[in-house]
Amino acid sequence: MTNLLNMETESIVIRRAIDGDERALRSLWARHAPHIDMVVRRLVGGDPDVAADIAQEVWIQIFRALPSYRGDSQFSTWAHRIAVNRTLNALRKTRRLANLETEVKEDSASVEPDNDRSFVAQSIEEAASKLSPGARAVFMLHDVEGYTHEEIATELGITTGGSKSQLFKARAKLRKLLAHLVDVKDVGLQRKDTEHVAPAY
Amino acid sequence: MWDYNARIQNMSHLPTERLAALVDEVPTSSELAHITGCDECARARAVFRALAEMAVTESTRIGSPLTRWETLAPVLVSDGVIDTGRGSPFRRHTVRRPWVQAAAALFLLAGGVAAGRYTAGASTFGSGKPTTIANTDSLRTFHSIDDARTVQAQSQLLYQTATAYLAQNDTGSLATDSPSAMRARLAALDRAREVMGKALNEAPYDPVINGYYLTTIGQREATIRQLNTVLPASMRSISY
C-alpha cells in the first residue's frame, strides 16, 4: 500500500518534472542522488573530481531523457541504467576503459602481483579503487549491481569469457585487500570434526 | 592429454581464480573432493563467499551525493529542462505554453467584461457604432518566438471577441430572445463543455482545444447571465 502510494506520488512528481517544475526536478534529485551518485562513484574509482563531473553529466542526461520515461519500470531502476551507461561512456572517453579488451587478452591465469601490501582497505569501494578500471567495472557491475556476464559483455564490448576472467581476477585481489574483513578462520576446524563432509558455508 | 581431475586431486591447492569462480559456479566432483580434504581451499572458498556478500551489501550503501543542486540547476535552466517561463525546446510537445496562459487570461478578462456589460443591459460592443478592431498586419514577419506568440495571443483574443459579438448581434442565425431558446443553447453548451473537457484531459496543452474549451465556458457563462435577466428571481440559475 505504501509502495503504491509512493509510486503514485513519484509519478505525479515525474509529470511535474517533465513540465519543467524545478521543485519536482529537485525532489527527484534529492530522493535518488545518494544512490545514483554512489553508482557513479563506485564505477569511477578513486578520483572524486572525475566522479563528480561524471555524476553531473549523469543527472543532466537523466533529466533530459525524462520525457521518454514510460513508467514501465521504477524510476530508480530506469535512472540507474542511465547512470551506468553514461558513466561507462564517460570512462571510455577518458580512456580509462579504452584498453579493456587488450587488458583481458593479456591477462595471465595468475593473480597479478600484489603491490599494495601496506594498503588496508576499509570498504569494497576503497579496495576496488586499487583494481584496474576494467576489472573494477566488471566487479562492480556483476557483484554489486547484479548485471549478468552477457549484459556486461554488451556494455563493455568484451566477451563473456573476458568478463568472467576480469571478475575472478578482481575477486582474487579484493580478497587480499580486504582479508582483515572477510577472512574466515574456523572453516578448517569445523571440517576436521566431520571428515569427508563438505564444509557448510 | 591434460587430465584436469587428476591434476586437481594431486595438486596442493585449487587456483585462486578458480576458487573465486566457485562463488557462483558449481564445483566439479573432483574439485569438491579436493575442497573437502583441504582446509586452505575450503577457507578460501568461504572467504570469497563472504566477499560476495559484502558486495551485495555494498549495492545498498549510500554515500554523500557527488552533485549539488546549485550546480545542476543553472545547466538545467540553460538546457531548457527547468521551465523559467520563456518556453523550452525540452518540452516542445508536452508543456504548458506561456502564451496559452496569456491568451486564456486575456480571453477570460474580455469575456468577463463583455458578460458584465451584457448582464447590466448595456451593449457589449458599443451602441450601434462600428466596432474598431486593431489593424493587423497580415504579412507581418516575426523576429522572435515571443513576438510570434504575442501576435498569436492577440489574434486569438480578436477571434474570440468577434465570435462573442456575432453571438450577441447576429440574431438571424440564433434566436436568443426566448428563454426556451436560451435553455436549448445552454444545454448544447453543457454537452460541448463536457466533450471539450475530455479532450482537454487528453491533450491539456493543445492551444486549439484550449481555445475551444475557453470559448465554450465563456459562452455558457454569458448564456446563463442572459437567461437570468429574463427569468423571475426564483427561477434564476446561480451556477455557472
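Buried area is the accessible area, taken with a 1.4 Å probe, that two parts lose on being put together, summed over both. In this predicted model, chain B and chain A bury about 4800 Å² between them, and 63% of that area lies on carbon and sulfur atoms. Within the part that chain B buries against chain A, B:Glu17, B:Leu66 and B:Trp69 supply 17%, which is more than any other three residues contribute. Counted by residues, the interface brings 52 residues of chain B into contact with 60 residues of chain A.

Six salt bridges are counted between chain B and chain A, and A:Arg42 forms a salt bridge with B:Glu58, where the closest N and O atoms are 3.6 Å apart. On the side of chain B that touches chain A, the elements giving two or more residues are α2 (16-21), α3 (29-37), α4 (39-60) and α5 (69-79) of chain B, and the largest share, 16 residues, comes from α4(B). By class, this side of chain B has 29 nonpolar, 14 charged and nine polar residues.

The largest nonpolar core holds 80 residues, of which A:Ile62, A:Phe63, A:Leu66, A:Phe75, A:Trp78, A:Phe139 and B:Trp69 touch the most other members. Helix α2 of chain A, residues 22-44, gives the most to this core, with 10 residues. When neighbours within four places in sequence are left aside, A:Ile62 is in contact with A:Ile36, A:Phe75, A:Trp78, A:Ala79 and A:Ile82.

Definitions and conventions. Residues numbered from 1 in each chain as written. Chains lettered and ligands numbered in written order. Predicted model: local features only at pLDDT ≥ 70, side-chain atom pairs only at ≥ 80, totals over all residues. Heavy atoms only, no water. Contact = heavy atoms within 4.5 Å. Salt bridge = Lys/Arg side-chain N within 4 Å of Asp/Glu carboxyl O. Helix = DSSP H or I, 4+ residues; strand = E, 2+ residues; numbered from the N terminus. Nonpolar A, V, L, I, M, F, W, Y, C, P; charged D, E, K, R; others polar. Core = buried A, V, L, I, M, F, W, Y, C linked by side-chain atoms within 4.5 Å. Buried < 20%, exposed > 50% of the residue type's maximum accessible area, 1.4 Å probe, protein only.
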